[in-house]
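New notebook page. I'm opening the structure and jotting down what I look up as I go.

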Amino acid sequence: MTGHIVIVGYGMAGARLATELHARNGDRKVTVLGAEPHRAYNRIMLSTLLAGKIDEPDVELAEVAGQGTDVRTGAPVTAIDRAARTVRTPDGDLVDYDHLVLATGSRAVVPPLAGLDPAALPPRVAVFRTLADCRRILATARSARTALVLGGGLLGLEAARGLAARGLAVTVVHPHPYLMERQLDPAAGAVLAGTLAGLGVASRLGVPATGLAADPDGVRLDLADGTALHADLLVLSCGVRPDTDLAAAAGLAVDRGVLVDDRLRTDDEAISAIGDCARPPGQGPAGLVAPAWAQARVVARLLTGEDPTARYRPRPVVTRLKAAGIDLAAMGDPTGGPGEELTFSDPARGTYARLRIHQDRLTGAILLGDNPSVGTVVQLFDRGAPVPGDRRALLLGRSLGNAPAAPAASPALMPDAATVCQCNDVDKGTLVRCWREGARTVDEMVAATRAGTGCGGCRQAVGGIADWLSEADSVGTPR
Ligand SMILES: Cc1cc2nc3c(=O)[nH]c(=O)nc-3n(C[C@H](O)[C@H](O)[C@H](O)COP(=O)(O)OP(=O)(O)OC[C@H]3O[C@@H](n4cnc5c(N)ncnc54)[C@H](O)[C@@H]3O)c2cc1C
């Protein structure tokens, strides 16, 4: 049992750890020191806030730091003294710790462009990482008619789609020949660019930006081919970098993340690291909330003595784009490696699917547009389960004869082990159990299991399970 636990970083990982610690009994003091001036919020939902589909109060996190947790906002930690076991805040305060957890997240990368000072972004130019960034973008967007987004990765496209939904004419500038090159192949990238064009987002591909000039009247972005683009707003979406400065300055081992073992322990036994800033064995910097929250649980179980054998095991990552009018899921690597490959392309209707199967298991998939089998594919990939013999069921969501098309589409046919909420790792069996224990509405199921409190993408599936259970109850069907 650890005495005073200090958490540095009050973001999605730090807030979850504070909640996990509070949920476990024990006589321990927990202090959270967060650099941002406000309480922790759901960073993922900033894309949805930018798109105008929710308001600021809706980005609040479900977590509430419990009584006995000393939460200090606007309190960045500037140094760690490992010998004295203290951390320092800018006003010179020293906070003692018995165990320190670094949850400092990532920072948006500001690209090296001529005319751009990373320490002081000019007017009309913003990155997209924090609530403050989102407010800055929205404040400029209010009087803007055109926007440029530099970077055609996941977040850049979510920002572009959100700004287009607010009525701006948006152009995405991307140095690679096709969009989302980390998750997609050229054919999928082309289909995606077509879908985006139909939604008011143009793409300028295969040309890096070299410099910019911005003043209160507008922004000019210079491109490597000698041309320039003009707009009222420029969003820089050029990736994130794990925030490891504090750890590195304290002499902890750092390599694209704070290096930790499968207990999330750094090379100092009194210091752990979780979330975007941490790099556990077998995982690059993840940049997703599911690993951050899984790691928070492992650290809470270890620090409270609940389970001294708890270990973090990275899971396969499924990437989904949260943009109205675009359905995209990508996982693994469908473009290379051994095995069979299945493809289906219907660019006119914005649909593309590519699956790779090795030894009857899915090793990668891209599903873009209207793919009825997406739920099944995600589950088979996630669980490493064998794929159906009739591959058409997977690729097209239907098969010949009487075989069921997409087992995951119906809650009744879903196995209990099927993951419904990827962010919180909640399976169907857990949702059914919480129903049996008395939860009767989607909100009650969400409160009991946390399903749907991350990216929110599974809320509909949770609703489907609630409807199915309610129907089964009313006709007395055994589950
Ligand atoms: C717009 C957007 C959309 C996203 N969409 C998705 C998605 O759909 N699915 C998904 O899984 N992930 C998504 N992510 C990524 C997800 O938000 C992160 O993986 C998650 O927030 C990681 O949590 P974290 O606590 O490690 O980092 P963060 O949430 O970044 O929190 C870190 C906190 O630590 C603070 N901090 C840093 N240094 C110090 C210091 N020295 N002292 C005190 N405090 C410090 C920071 O200010 C910050 O508040 C998205 C991110 C963004 C920006």
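I started at leucine 234. Leaving aside neighbours within four places in sequence, I find it in contact with Arg124, Val125, Leu148, Leu150, Leu212, Val219 and Leu221. Contact here is C-beta atoms, placed from the backbone, within 7 Å.

Ground rules, before I go on. This is a predicted model, where local features need pLDDT of at least 70, side-chain atom pairs count only at pLDDT 80 or more, and totals for chains, interfaces and linings use all residues. Residues are numbered from 1 along each chain as its sequence is written.

**Core.** Leu234 turned up again in the largest nonpolar core, which has 141 residues; it is listed with Leu17, Leu102 and Ile274 as having the most contacts inside. Such a core is a set of buried Ala, Val, Leu, Ile, Met, Phe, Trp, Tyr and Cys residues joined through C-beta atoms within 7 Å. Buried means 20 or more other C-beta atoms within 10 Å of a residue's own C-beta, again placed from the backbone. Helix α7 (residues 289-303) gives this core its largest share, 11 residues. (Helices, H or I of at least four residues, and strands, E of at least two, are DSSP runs numbered from the N terminus.)

**Helix α7.** I checked how enclosed it is: 14 of its 15 residues are buried, so the rest of the structure largely encloses it. Its length agrees too, as 1.5 Å a residue gives 21 Å and the end C-alpha atoms are 21 Å apart. The expected span is 1.5 Å times one less than the number of residues. Glycine 305 follows α7, with a positive phi near 75 degrees.

**Helix α5.** Which residues of α5 are buried? I noted Ala188, Gly189, Val191, Leu192, Ala193, Thr195 and Leu196. Their cover includes β12 (201-205), β22 (328-332), β24 (351-358) and β25 (361-368). After α5 comes glycine 200, whose phi is positive, near 90 degrees.

I followed β24 to its partner: β23 (residues 340-346) pairs with it in the antiparallel sense over 7 bridges. Strands count as paired when DSSP finds at least two bridges between them. Leucine 342 stands opposite leucine 355 in β24. The two strands form a hairpin with 4 residues between them, and glycine 350 in the turn has a positive phi of about 70 degrees.

**Domains.** Last, I looked up the domain assignment: domain 1 (4-107 + 241-303), domain 2 (125-238), domain 3 (327-409) and domain 4 (413-479). The centres of domain 1 and domain 3, taken over C-alpha atoms, are 36 Å apart.

Key
Domain bounds come from an automatic or database domain assignment. A residue is buried if 20 or more other C-beta atoms lie within 10 Å of its own, exposed if 12 or fewer, and partly exposed in between; C-beta atoms are placed from the backbone. Two residues are in contact if their C-beta atoms, placed from the backbone, lie within 7 Å.
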